[in-house]
Structure formats: structure tokens, C-alpha cells
Amino acid sequence: MKIAILALQGAFAEHEQMLQQLGAETFQVRKPADWQQPKDALVIPGGESTAMLKIMNDEQLFAPIKAEIEAGLPVFGTCAGLIMLDREHLGTMDILAKRNAYGRQLGSFNTVAEVKGIGSVPMTFIRAPYIEEVGPEVEVLAEVDGRIVAARQGKQLVTAFHPELTESTQLHALFLELIDKK
């Protein structure tokens, strides 16, 4: 299994390490030539969504990434990746994100919460969004304080938190299961 990791900014190296720990092959995407490699899935990491979207547009990655996700490429978006997949950005997932919903850097926190089908998962929130609205095809997987922080739609998985910054591989393993259900 070969997974592309959008490496424009953010915690892409941590996703790479976690996926490799689970036995997946990974490669980083920075330019259109990188994107052309064969792949089974994509990870869009946390970081700054505005900066990542600008770089995607500047590097002419936005349209090809959107097209492949719409054609069924499995994708895992964390934090900024969640924002990038919502209705107002790439528009591939029927969700609406609230950016920086937990406040500034000082509002960052760690918690443990239940994720549907997995159990208790450690969650690291850093200037995190949450999901304000979900469409009828979206399955809510986790909530913290009544706010949606993880969801799935088809082969798209999103978290408002950073699972790659914990020791737990549970969410990455769930993503690999989604990919296998081709």
C-alpha cells in the first residue's frame, strides 16, 4: 500500500512515521510530479489551511488532488486537512468546519474520548477546528464537549485533532482499513 502525504507544511513527517510503523509505504507530495506517482490514498496533515491552499494553487496541485478525491481516492485529513476537505475549500466532504474553534495556541489541549468503532483515543488539539455541520452521508465518529471532532464520508476520514502527535496508531489503522475496502 502506497500513501501520498501532502508535505507543503505542517505535521507531515509524523503521519509518515506512523503509517510506516503500520507497514504502509509513503511518499511526500510537494510538486505536480510527486502527485503523478501511483498511490492508494492521501493524507492531508494539520498545519495552516490558508497557507496550504495557497501553495496547492501556486503549485497547480489543487485541481488534480480534488479530482482524484472526487474519483474515489481515500483521504485522511487532520486539523487543517479537515478544513481543506470541507464544503468551502476542496468541497469533497459534506461538512462545514469552524476554524480555530478552540481559540489561539493557548487554547490547545489534550484529552481522551471515544471514537466510534475504535474505543478510547488520545486527542491533541492545537488551534483546532471542529465540524459545525454534517450532511446526510457523513458519519459522526467522535465528539468532545458536544462538538464533532471526527467524521467519515465514504473513503474520507477527518479529525479535528492530531492523532499523529500521540503514541496511538488507532486512527491511522482505521484509515488503512478504509483503503483496503476498495
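This is a predicted model: local features need pLDDT of at least 70, side-chain atom pairs count only at pLDDT 80 or more; totals for chains, interfaces and linings use all residues.
Leu-6 can be followed through its contacts. Apart from neighbours within four places in sequence, Leu-6 is in contact with Phe-12, Val-29, Leu-42, Val-43, Ile-44, Pro-45, Met-56, Ile-65 and Met-84.

## A buried histidine

His-162 sits in the loop that runs between strand E11 (156-159) and H6. Its relative accessibility is 6%, so His-162 counts as buried. When residues up to four places away in sequence are not counted, His-162 touches Gly-46, Cys-79, Thr-124 and Ile-126.

## Salt bridges within helices

The whole structure contains 9 salt bridges. One of them joins the side chains of Lys-54 and Asp-58, at 2.7 Å from N to O. These two residues are 4 residues apart in helix H3 (residues 49-58), so about one helical turn separates Lys-54 from Asp-58.

Helix H4 (residues 62-70) holds both Glu-70 and Lys-66, again 4 residues apart, or about one turn of the helix. Their side chains meet in a salt bridge of 3.0 Å, N to O. Lys-66 is partly exposed, with 23% relative accessibility.

Glu-139 and Arg-152 form a salt bridge in which the closest N and O atoms are 2.9 Å apart. This pair links distant parts of the chain, 13 residues apart: Glu-139 is in strand E9 (residues 139-144) and Arg-152 in strand E10 (residues 147-153). Glu-139 is partly exposed at 25% relative accessible area, whereas Arg-152 is buried at 17%.

Methods. Residues are numbered from 1 along each chain as its sequence is written. Side-chain values use heavy atoms; hydrogens and water are left out. Contact means heavy atoms within 4.5 Å. Buried means under 20% relative accessible area, exposed over 50%, partly exposed in between (1.4 Å probe, protein chains only). A salt bridge is a side-chain nitrogen of Lys or Arg within 4 Å of a carboxyl oxygen of Asp or Glu.
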